[in-house]
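Q: Hi! Could you walk me through how the helices pack here, and then the nonpolar cores?
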Amino acid sequence: MKQLDYDIVVIGGGPAGMAAALKAKEKGATVAIIERNDELGGILNQCIHSGFGLSYFKQELTGPEYAELFINRVAAAGIDVYLNTMVIDLTPARQVKAMNEDGMLVLSAGAIVLAMGCRERTRGAIKIPGSRPAGVLTAGLAQRYVNIENRKPGERIVILGSGDIGLIMARRLTLEGMQVLGVYELMPYANGLYRNIKNCLDDFDIPLHLSTTVTNIIGYPHLEAVEVARVDENLAVIDETREVIACDTLLLSIGLIPENELSQKSGVSLNPRTNGPLVDEDLETDQPGIFACGNVLHVHDLVDNVTLEAEQAGDAAAAYALQQKTAAGVSETGSAENKATIMIGPGENVGYTVPAKMTVPSPKEIRILFRVRRPLEQAEVVIQAGTKILYQGKPRAFKSSVMEAVVLKPEEVNGLNGTEQTIIVSVREVK
Amino acid sequence: MNHYDIIIIGGGITGTAIAHECSKYQLTAALLERGTDIGIGATKGNGGVVHPGYDPTPGSLKAKINVRGANLYPQLARDLNFGIINPGIFVIGFSDADEAMLKHKLEFGIKNGVQDLAIIDASQMRNREPHLATAARHALYAPTATVVDPFEVAIAFAENAKANGVDILTSQPVTAIEKRADGSFLLNTPEQQFSCSYIVNAAGNHADEVARLAGIAEYQMKPRHGDLLVLDKDMVNKPQTVIFPCPGPDTKGIACIPTVHGNTIVGSTATMMDDKEAVNNYAPGVQALIDGVHKILPELDAGKIIRTFAGLRPVVLNNNNDFYIAESQTVKGFIHAAGIQSPGVASAPAIAEQVRDLLDNAGLEMVPKADYNPYREKPTDFDALSIAEQDALINHNPAYGRIVCRCETVTEGEIIAAIHGAIPARTLDAIKRRTRAGMGRCQSGFCQYKVIAILSHELGLPVSDICLEDRGSQLLCGAVKGGVK
């Protein structure tokens, strides 16, 4: 059994983990990345389509290209990378229990960065009735089969859910000669990015059926058909619209859930709105020295945003670990005197905010990320604490598929106290 | 052609328990299962409760067998090393009428010989289950009740039977049975022929069809369908007790069941069906489960559902909902173990004893084996080991250092061991039942491709031949345009 010590242990070697590790290393910390797969890059490695890096690198890259740029930087930076290594436990005292072919490892860390990503929602989560045959799988698994294993999941494909992975796979399967019969979406609007609707469905004449869902799975031992039906404004199935579509594969692209089993083992509290940790403006969880970033924190649509968020987490984690080190023996740093915690939460039309709390007075700007719950044609962001308006945006359109960000300046929040201890982010419709 | 003293048709928990019982005696026996694995009919479609026996009418065959079977479980679990927990059962009542019903159950239970039953009040219930519906007033408490994983039990029975000389053969659907002049039977499967002196029909929902192959038309069967739900291990406020509402005429009601593995099962509905093959979930049934469990545990988070499944309980019609365990009235040497509806899991070990006695009465000499080994070794469960044991295991075999299923912490070593086990796992679901790979919250989204690759490698089969469960359930078809790189 190996025992190791690092200032920073980053759990997960996808885009979030790599960016956090690089930033922490740049700040002078000793850093290890633990990655369960046989290479760094995470889910980017199977995202062989382009569209990555437009904002961060100002160029259009494929997923593996985006990953490679970071993999090369990690290799050059002198970060210890443990591949094929699975973390199986994490304690509040920041001890990491991991394993690989060489045996068990116990790593002690000054700070932890959680960067484990997310997983796909499955059939069970939405309780689709019917038989339980082969031929029903998540879109991400299908992407793995086609792009990495080079196997076809079937020939005649129905896709349920208009999440980005489903849209990307509609195009990918079409290009590989499979017949994509249609994409069905329960809601009256698409869940994926507009550019993906355009580039992946419209350009390939793949129909998108809104307010329509799969109501029955038919066939055993292999899928033979699905029944679809339209739903009304209350999402109730309209019986007379039921229709059976012969197919051999049903792909599910019905949402992503941050993977926080490990976070919970360390006692980190989760935000029920994101299923990710509750974090402050430094992306620190409620367990001191444990930070979170990327899709484990909240599900992103663009990897560029993941990178930025992870750099922030890596920076803060390094500051924490290095300060703890130098302050050893001295009293706790960062005296709480004259400081207050202000909660940040969603108001009208907003699903969640990250962070969920902040400390004032704050020496620096605070970036609040959020998503609207449903598309809004004309609306404005209003951020307020009590009756005090901290920020008001210009009226424009909002989509739930796009993550929004507002930056508040220190002087806008530092006066807050007492009765105004919640910052509410709303997006109000404008007539 | 192989001749056996006994051929058992059907490899569910009933058939495997009978195989296990037969393996204790000096005789030759084989079990023929039509499916690709054992335990994949009614055995995999229920909640795993070992009912203690307060439900059956005193004096019925079911009452006797249920109580005896339930009492055998703790020792069997020790000998055969399968998981068992002892959460006890609450049957909760909300009204005076319910209380009368609970007292009636208590009386049944006492007559049937169930130990330690008591009616408890609301405060006693809440001490144990603080999140129970506030309207619940009293409960019948059966503290001895246990819960098992029924397919693990079937696998354990089958493995131990095999170790003691019984042939366990899968993918062997019996297509013809002939009673020969010398009294023996000739059985055909699509690929083989067998002969035997005695047949035990443990074919679950298909027992009437198997009987008909031998010219027996003593009973007709229909399935009683049930929907069930599985909830995530990380659900908050998990119940510690199996909680039933007061029962209806044909069903014990929708219960909340803690499992051996830390999940929670909600089940089940009960609807008589015609189709014996349609192990489907139905939307109204699934909704009834959610509504039903909320009557017991109003705060239970339905967002933690990770899977729905279903089961078909085999019911012999016009038999007072009892089991049908008897030698055929018309064909000597043909023993029925049919209609094993609820509580089939609890009853299986005692059904096996009953069948043994029927075989004995029918003329088969049952002489105990001197070298019978009652013990089965538990397969390695990496997750359950200490860190030092895990480290030693990996050093001994690096395959145990490779995690395949991250949700349930299952290693490649455990999967390879299952593929080469006594009752080999040859499908994705067979591996899932033995190792729990794919059983967790991602429902195999992350590990399916790895398990397929391991199966393909270990069995020497192309990836496109690997099945989910039954024949024809291939998971992948051909290669993409550029071929496999």
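A: Happy to. One term before we start: a crossing is left-handed if the near helix is turned anticlockwise from the far one by less than a right angle, and right-handed if clockwise. Also, keep in mind that this is a predicted model.

Q: Got it. Which hand is the crossing of H1(B) and H8(B)?
A: H1(B) and H8(B) cross in a right-handed way. The helices, residues 13-22 and 344-361 of chain B, pack at an angle of about 45°, with axes 8 Å apart. That angle makes H1(B) oblique to H8(B).

Q: What kinds of residues make up the contact of H1(B) with H8(B)?
A: That contact divides into 11 nonpolar, two polar and three charged residues. Among them are Ile13(B) and Ala17(B) from H1(B), and Val345(B) and Leu359(B) from H8(B).

Q: Switching to chain A: at what angle do H5(A) and H6(A) pack?
A: About 20°, with their axes 8 Å apart. Angles under 35 degrees count as roughly parallel, so H5(A) and H6(A) are roughly parallel to each other. Their crossing is left-handed. The contact includes Leu167(A) and Ile168(A) of H5(A), and Ile197(A) and Leu201(A) of H6(A).

Q: And the cores: how many residues are in the largest nonpolar core?
A: There are 65, and Ile8(A), Val9(A), Ile11(A), Leu107(A), Ile112(A) and Leu114(A) touch the most other members. Helix H8 of chain A, residues 303-326, gives the largest share, nine residues.

Q: What does Ile112(A) contact, leaving aside its neighbours within four places in sequence?
A: Its contacts include Val9(A), Ile11(A), Leu90(A) and Phe291(A). Apart from this core lies another, of 52 residues, including Leu80(B) and Ile351(B).

Key. Residues are numbered from 1 along each chain as its sequence is written. Chains are lettered from A and ligands numbered from 1 in the order in which they are written. This is a predicted model: local features need pLDDT of at least 70, side-chain atom pairs count only at pLDDT 80 or more; totals for chains, interfaces and linings use all residues. Side-chain values use heavy atoms; hydrogens and water are left out. Axes are lines fitted to C-alpha atoms, for helices over the stretch in contact, and angles run from 0 to 180 degrees between N-to-C directions. Helices (H or I, at least four residues) and strands (E, at least two) are DSSP runs, numbered from the N terminus. Angles under 35 degrees count as roughly parallel, over 145 as roughly antiparallel, 65 to 115 as roughly perpendicular and the rest as oblique. Contact means heavy atoms within 4.5 Å. Ala, Val, Leu, Ile, Met, Phe, Trp, Tyr, Cys and Pro count as nonpolar, Asp, Glu, Lys and Arg as charged, and the others, Gly among them, as polar. A nonpolar core is a set of buried Ala, Val, Leu, Ile, Met, Phe, Trp, Tyr and Cys residues joined through side-chain atoms within 4.5 Å. Buried means under 20% relative accessible area, exposed over 50%, partly exposed in between (1.4 Å probe, protein chains only).
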